Amino acid sequence: MSKLFETAQLKQLALNNRIVMAPMTRARTSQPGNIPNEMMADYYAQRASAGLIISEATQISDDSQGYSFTPGVYNDEHVAGWRPVTDKVKTQGAHFFCQLWHVGRVSHPVFQNGEQPIAPSALAPVETKVWIADDSGEGKMVDCVEPRAMLQADIDRVISDFAYAAKRAVEAGFDGVEIHGGNGYLIDQFLRTNSNHREDKYGGSRENRVRFLLQVVDAVSEVIGADKVGVRLAPFITFKDMNCPDIVPTILLASQQLQARDIAYLHLSEADWEDAPQIPEDFRIALRERFSNTIIVAGGYDQMRADEVLNKGYADLVAFGRPFVSNPDLVSRLANQQPLAELDPTTLFGGNEKGYTDYPNYQ
């Protein structure tokens, strides 16, 4: 029997299985205001046979957005929009965390009231684009611009924004939040030497570069409790101009500090494209030595690879992304060894029910 289908404990939460629906940007919110809607409730509820669902990346503030139609969770309209989504998911038996992000330099003035995005340092990411759509939903990829280096006041405000958004997420019915610290976004930009050239207490040494992440975690934990906090990190993902030679030891230091804070889980985002770098086994061993709470892995896993990483004790839960898009009944298909449906990549971002809630269960 595959360990994927065993129950698991995530702090106080009892999960029906070890399968996680990974966070995936789908850009289906109602406009104006990036408000979650009924279509999103149907989408997540269709996939609620997963033990845990992690929402698509969700804005914490007006200036944290980098792509069109991604949701927020920092005002009353957002909270009201999310409540039917979380209610519908929970009635289906899944637990639900909200992924919180600030994109930092991976943005554009169109999302910043005409101002520059903010980042650790005034360094534009090379060959990095964001998706900008017009009112009709037609979008295009646009180059990022040079950001403005954050002042201490900016840092303090963003930390407060994370904490406030976490509070609102719990009010909206989420079981907890995942702080997005990977994939080239703001927290990841602080962690890496090539995007962080600061000379203050947030730059230079590993201890300084993990400071912003830890301050965000501390602020969020103070508001909702460390048992409701997860963190996503991506040490081996280098797109968005994030190839840092010191990132692996930096991530290991961060994981040790996160274990000391007794957070709910660490979510390892792995590359999932063809010819992607494989995670070295010595890294998995080193990570487990430093972080003994729940570890989630995500990145192109099938059932065989999932069982391997679970059986070796390197992870406790396995997240699936794209397979959940086209297979709302993914848990049942895996359990019964049924073939998986292919997704339509042209419908991933923006649009309507097509390619979103119209994928059928296995017949």
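I started at Phe320. Leaving out residues up to four places away in sequence, I listed what Phe320 touches: Leu4, Ile19, Val20, Met21, Ala22, Tyr301, Asp302, Ala306, Leu330 and Leu334. I note that this is a predicted model.

Next I looked at the core. The largest nonpolar core has 88 residues. Which of them touch the most other members? Phe212 and Phe320 do. In general, nonpolar side chains of soluble globular proteins tend to be buried together.

Arg305 lies over the face of Tyr301, 3.9 Å from the ring centre.

Then I turned to the rings. I found 13 aromatic pairs in the structure. One of them joins Tyr43 and Tyr44, with 5.0 Å centre to centre and 70 degrees between the planes. I logged the pair as edge-to-face, because its angle of 70 degrees is over 60.

Are Tyr43 and Tyr44 buried or exposed? Tyr43 has 1% relative accessibility, so I count Tyr43 as buried, the cut-off being under 20%. Tyr44 is also at 1%, and therefore counts as buried.

Last, I checked for open space. The second largest pocket holds about 350 Å³. Its lining takes in 20 residues. Which lie nearest its centre? I noted Gln31, Phe69, Ala133, Asp134 and Asp135. I also sorted the lining by class: seven residues are nonpolar, 10 are polar and three are charged.

How values were computed: Residues numbered from 1 in each chain as written. Predicted model: local features only at pLDDT ≥ 70, side-chain atom pairs only at ≥ 80, totals over all residues. Heavy atoms only, no water. 1 Å grid on protein atoms, 1.4 Å probe; cavity = no way out; pocket = protein on both sides within 12 Å on 5 of 7 lines; lining within 4 Å. Points joined across faces, edges and corners; volume = space filled by probe spheres on them. Nonpolar A, V, L, I, M, F, W, Y, C, P; charged D, E, K, R; others polar. Core = buried A, V, L, I, M, F, W, Y, C linked by side-chain atoms within 4.5 Å. Buried < 20%, exposed > 50% of the residue type's maximum accessible area, 1.4 Å probe, protein only. Contact = heavy atoms within 4.5 Å. Phe/Tyr/Trp six-rings, centres within 6.5 Å; stacked < 30°, edge-to-face > 60°. Lys NZ or Arg CZ within 6 Å of the ring centre and 35° of its normal.
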